[in-house]
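Q: Could you take a close look at one part of this protein with me? I'd like a connected walk through it, with the packing spelled out.

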Amino acid sequence: TLRKPISQSSMADWASKNLNMHTQGIFRRRISISNMLSWNGGSIKKPMLITSNRTIKKEACEMFKLVQSYMGDRQTRMDRNHVALLMVTKCWSTQGLRDELYIQLIRQTTDNMCYRSLAWGWELMAISLAFFSPSPKFQSYLEGYIYRHLDSDENIAQHIKELVDLKNKKIAKSRKKRKQNTEDEGLPISTYAKYCYRKLQKVAVTGGKKGLRKPTVEEITHARNAIVTPSLFGSSLEEIMLRQQDIYPGNKLPWVQTQLSQQVLALGGEQTEGIFRIPGDIDEVNALKLQVDQWRIPSSLSDPNIPASLLKLWYRELEEPVIPQQFYKECISNYENPDAAVAVVQLLPELNRLVLCYLIHFLQIFAQPSNVGRTKMDVNNLAMVMAPNCLRCQSNDPRVIFENTRKEMSFLRMLIVHLDTSFIKGLV
């Protein structure tokens with residue numbers, strides 16, 4: 001469900017307080033906010049946002065040229081992948097540049113008369129959101145901007161036509177030019193906007209790319225492809241099963257779930273101390289995530305903590321948790337009652353029930369006393385690390401969250417101890 005973002009007047013108020021107002025002409029007249037936030041074919045001489053950081057002041061102007069290069073509004077010898085990589089790496093490394101990039105993209109996708117350039121601007125925004133989030137201060141402004149484009153395709157096409165008509169009113173060749181500029185190239189803008197909106201909600205909570213390794217061209221390509229082809233991470237269970245129908249039509253469980261679980265066991269995870277508690281190397285986990293999203297499991301894996309960390313991430317990033325939100329209250333109300341806890345599982349939608357039972361069956365392997373001696377991960381520890389990945393508390397009250405965390409753990413513990421999952425054996 002999309003929550004309503006800040007109002008247009010609040011966005012205008014934010015802009016008036018945070019934009020670094022530019023000037024023009026020999027009398028250095030200040031440019032209006034609407035012109036500051038409209039497509040610009042030239043360069044800029046200072047950042048869009050107020051800053052005292054000298055590095056950001058210099059980098060912001062260079063970055064604007066890169067934005068124009070990516071959108072096809074400025075000539076460059078670099079291919080678009082490398083232009084995007086350069087920009088994303090700058091912002092990923094320098095936090096202060098992130099809001100600057102997003103406001104530049106807002107500017108270049110406003111009153112843009114070329115549909116292809118417009119689409120590439122939105123594409124770049126989607127790619128950027130895969131690597132880093134805006135600051136909390138800027139998030140609501142960006143959210144409001146994206147929100148206003150969720151169902152705006154007809155308006156955008158009409159607006160471009162009006163702008164072109166206005167510009168070419170006295171030009172005889174306007175018909176040809178108009179056809180070039182309004183011709184739909186790429187996806188509808190609403191497709192980009194919907195993707196960006198969901199991505200923004202997620203990245204604001206989970207943060208962007210983690211680890212020490214800088215972004216790669218492969219990750220840029222993956223982020224672009226995810227706009228059209230949803231990732232196996234962050235999608236709904238239904239979307240994932242729909243995607244795998246062509247590749248694994250007979251599977252009743254998500255391929256990513258079964259494969260990563262089997263990898264943990266194949267690498268001796270049930271004999272590894274601190275499994276699920278000790279995180280795998282984040283850069284290795286990121287690399288495996290890219291492979292898995294291409295339906296591949298590399299044969300070079302040696303550390304069970306890598307697939308174990310990615311498996312936890314997959315559960316945690318599901319669009320809706322394994323135990324859907326409407327069953328949350330029932331779960332935390334029956335955290336001490338084994339029969340009632342098991343009964344909740346039977347009420348779940350069939351796909352969610354199978355996915356949860358597979359997870360519990362998997363955890364029951366680790367809960368066996370012979371394995372606990374090696375892993376030091378008894379049923380309480382397993383429930384503690386896995387409960388946040390299966391249940392999501394919607395409250396913002398720290399006291400409620402703290403109290404419910406204990407109940408979530410107890411509920412999952414009940415399932416590990418009491419749920420009969422013998423029917424799962426052999427199911428894929």
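How far apart do the end C-alpha atoms of residues 235-423 lie, and what percentage of the span is helix and what percentage strand?

A: Happy to! Please keep in mind that this is a predicted model. The end C-alpha atoms of residues 235-423 lie 27 Å apart, and the span is 62% helix and 0% strand. In an unreviewed UniProt entry, the annotation "domain: Rho-GAP" covers residues 235-423.

For the packing, let's turn to helix α14 (residues 282-292) and helix α15 (residues 305-317), whose axes come within 9 Å and cross at roughly 65 degrees. Angles of 65 to 115 degrees count as roughly perpendicular, so α14 is roughly perpendicular to α15. The crossing in which α14 passes α15 is right-handed. On the α14 side, the residues that take part are Glu-284, Val-285, Leu-288, Lys-289 and Val-292. They meet Ile-306, Pro-307, Ser-309, Leu-310, Leu-313 and Glu-317 in α15.

Helix α6 is mostly covered, with 13 of its 15 residues buried. Ser-128 belongs to this helix. With a relative accessible area of 0%, Ser-128 is buried, because the cut-off for that word is under 20%. Setting aside neighbours within four places in sequence, Ser-128 is in contact with Val-88, Leu-101, Tyr-102 and Leu-105.

Conventions. Residues numbered from 1 in each chain as written. Predicted model: local features only at pLDDT ≥ 70, side-chain atom pairs only at ≥ 80, totals over all residues. Heavy atoms only, no water. Buried < 20%, exposed > 50% of the residue type's maximum accessible area, 1.4 Å probe, protein only. Helix = DSSP H or I, 4+ residues; strand = E, 2+ residues; numbered from the N terminus. UniProt positions renumbered as here; feature names shortened; annotations may be inferred. Contact = heavy atoms within 4.5 Å. Axes fitted to C-alpha atoms, helices over the stretch in contact; angles between N-to-C directions. Parallel < 35°, antiparallel > 145°, perpendicular 65-115°, else oblique. Left-handed = near helix turned anticlockwise from the far one by under 90°.
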